[in-house]
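Morning, everyone. Please have the sequence and the model open while I talk.

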Amino acid sequence: KYKQEWEMEEELKGWLRCRKDEYTAKCTVCQKELNFPVGRKKSSPSTCSYPWPHHCNIRTLQDKCTTAEVMFVNFLVEHNISFNTADHFTTLVKNMFPDSKIAKNFQCGLTQLLANLSNGLSLIVDESTDRDDDKQLGMIVKYYDENQLRVETKFYRLRVVNSATDENLFKALEDAFEANNIKWENVTRLGADGAANMIGKNNSLMSRIKEKQPHLHTLHCVCHVSHICASDACKNLSNYLDDFFVELSWHFHRSAKQIKVLKGYQEFTDTVIHKILKPCSTRWLQLEACTNRALEHWDALLAYFRSHEDKKDKKVQKLREWFENPLTRLHLMFLSAILPLFTKFNVMFQAKQPNIHRLTQEMNQLLRNFLSKFVKQSVLFSTVRPQDVKYAIIDNQKLDCDLFIGLLTKALVDQLIDDGSLSRQEEKKSYSDVGNFYMAGTKSLIKKLPLDDQVLKDAEMLIPSSLARRFLNIIQEGQLEQLQEECFSYECDTDLPDEDNIEKYWGLVGKLTDISDAKKYPILTKLAKAILVLPHSSANVERLFSQMTLVKTQLRNRLNNDTLEDIL
């Protein structure tokens, strides 16, 4: 006979119900009638040989909706359809199947998600010019996905602006937000380059957003900053190498004849045949690549320009003089040794995973490593903050022979002096140029890196009391006491998840519950997730513009902005 206590067993709970008679049961999921095997004397159907618990797949409505959403996303990926289609399809499927519970609960639209984010979102913007010379404002959003337990970075909108004034930029952004019902309170962070129309104190996109959102936190892209600092330092070398790289790349640009001649010299000097790289200000890792490529082809390029037929071309003469000048090669080898310092920092913060909690430490480490190349160790170790080092005082600097220029550069200096190609005066000049490089680079790093940004300092150690007051739109005044209590409990909690990934870690902490099944740290995890989405780079917008040039090619230059946006 059917027993009511069976309905409380874990594997039968929720789907097993008794029929009118005492010898049949019913599955509430698939509506199938289940008969008890005759002659069985088992006390529970769960121990019976009849396949009671697994006769059907028990799936909740949420499971079915999730399956539908995953299937739709896979369809978009398989057929290379823009993810922006999801916004339209979510509304369409509800109208197509009004009687379906799955369609009613189907949610796969980015804009709907952004409009209801509790942790806020970060907005990353930049401007560029397409093939039609239209000014484009690219918008990227960064938010914490509670389902995936990770920080997501998504393309949001691409808008045409007549001119890149703060008024036009803000209007384009405001129109996009109003169309998708996104509230300004949800926008808590802004990432952009250092242009005045973007993050200037007055008459900028930042100042206009702060009128709507006073608690906005703004950060200049640190990858852009490090690139500018490296460029500023290079300008203090005697041969301004930006001109060198530009002239060298343009000499071989679209000239099949000159490339063919160079190829002969590359084969003669046993040089691997590679293209001469062209410098680009928006490709922050290009300077080191251009330097290494020029050094790789040095012997072939030197022979090429020495034997060039056109002796009257001023640009060819200038390039030949640069290649014959021993200081040029010394400077290139020095850059090859010092630029990896900037490249390593740049690569770290171009990454898609959040590294905001490491930014203060890495900025200080970058500056300290740079100072160690020309400042005495005793001076460096006696100063707590690297930006306080008195690097401009001559007595605090190393002697020329102790300056870091790279082992290969040092060996080349000795070789050139031994064979008479480099005079003592030129050697002194090269060390003077290196000193100027270090001085200019240090000055630029201290001035432009956000070394004293209190939010970044607090984010490093996650100091809740200070951060909560900075993001009052995320943590309300009345929640500060609860936040403090959660912090005390968190510090002595022994059941914290063992997870190295910081995104997933805070997601799992947010799921911890107490004995009453209430969440342990709702306010603390909300603040931590808000910090994780702080933008430390505008690399994602630059990637967007690279994608844009691949889509809107010379053969497809009549694509309008709406079509281009949907494709992206």
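Find strand β4 and strand β7 (residues 187-192): four bridges join them, and the two run parallel. Two strands pair here if DSSP finds at least two bridges between them.

A word on the source. This is a predicted model, where local features need pLDDT of at least 70 and side-chain atom pairs count only at pLDDT 80 or more, while totals for chains, interfaces and linings use all residues. Residues are numbered from 1 along each chain as its sequence is written, and side-chain values use heavy atoms, with hydrogens and water left out.

Now the other neighbour of β4. Strand β5 (residues 135-145) is joined to β4 by eight bridges, and this pair runs antiparallel. Ile124 stands opposite Ile140 in β5.

Buried means under 20% relative accessible area, exposed means over 50%, and partly exposed lies in between, with a 1.4 Å probe and protein chains only.

Angles run from 0 to 180 degrees between N-to-C directions, and axes are lines fitted to C-alpha atoms, for helices over the stretch in contact. Contact means heavy atoms within 4.5 Å.

Next, a loop. Pro214 sits between α7 (205-212) and β8. Pro214 is exposed, at a relative accessible area of 57%. Between Pro214 and Glu185 there are 9.2 Å in space, C-alpha to C-alpha, though they are 29 residues apart in sequence.

On to helix pairs. Helix α8 (residues 222-234) packs against helix α18 (residues 424-448) at an angle of about 150°, with axes 7 Å apart. The two are therefore roughly antiparallel. The cut-offs: under 35 degrees is roughly parallel, over 145 roughly antiparallel, 65 to 115 roughly perpendicular, and the rest oblique. Which residues of α8 make the contact? They are Val225, Ile228, Cys229, Asp232, Ala233 and Cys234, and α18 brings Phe437, Ala440, Gly441, Ser444, Leu445 and Lys448. By class, the contact of α8 with α18 has eight nonpolar, two polar and two charged residues. Ala, Val, Leu, Ile, Met, Phe, Trp, Tyr, Cys and Pro count as nonpolar, Asp, Glu, Lys and Arg as charged, and the others, Gly among them, as polar.

One more pair. The axes of helix α22 (residues 502-509) and helix α23 (residues 522-532) come within 9 Å and cross at roughly 160°. So α22 and α23 are also roughly antiparallel to each other. From α22, Ile502, Glu503, Trp506, Gly507 and Val509 meet Leu524, Thr525, Ala528, Lys529 and Leu532 of α23.

Last, the whole chain. There are 25 helices and eight strands. Helices (H or I, at least four residues) and strands (E, at least two) are DSSP runs, numbered from the N terminus. Of the 568 residues, 48% count as buried.
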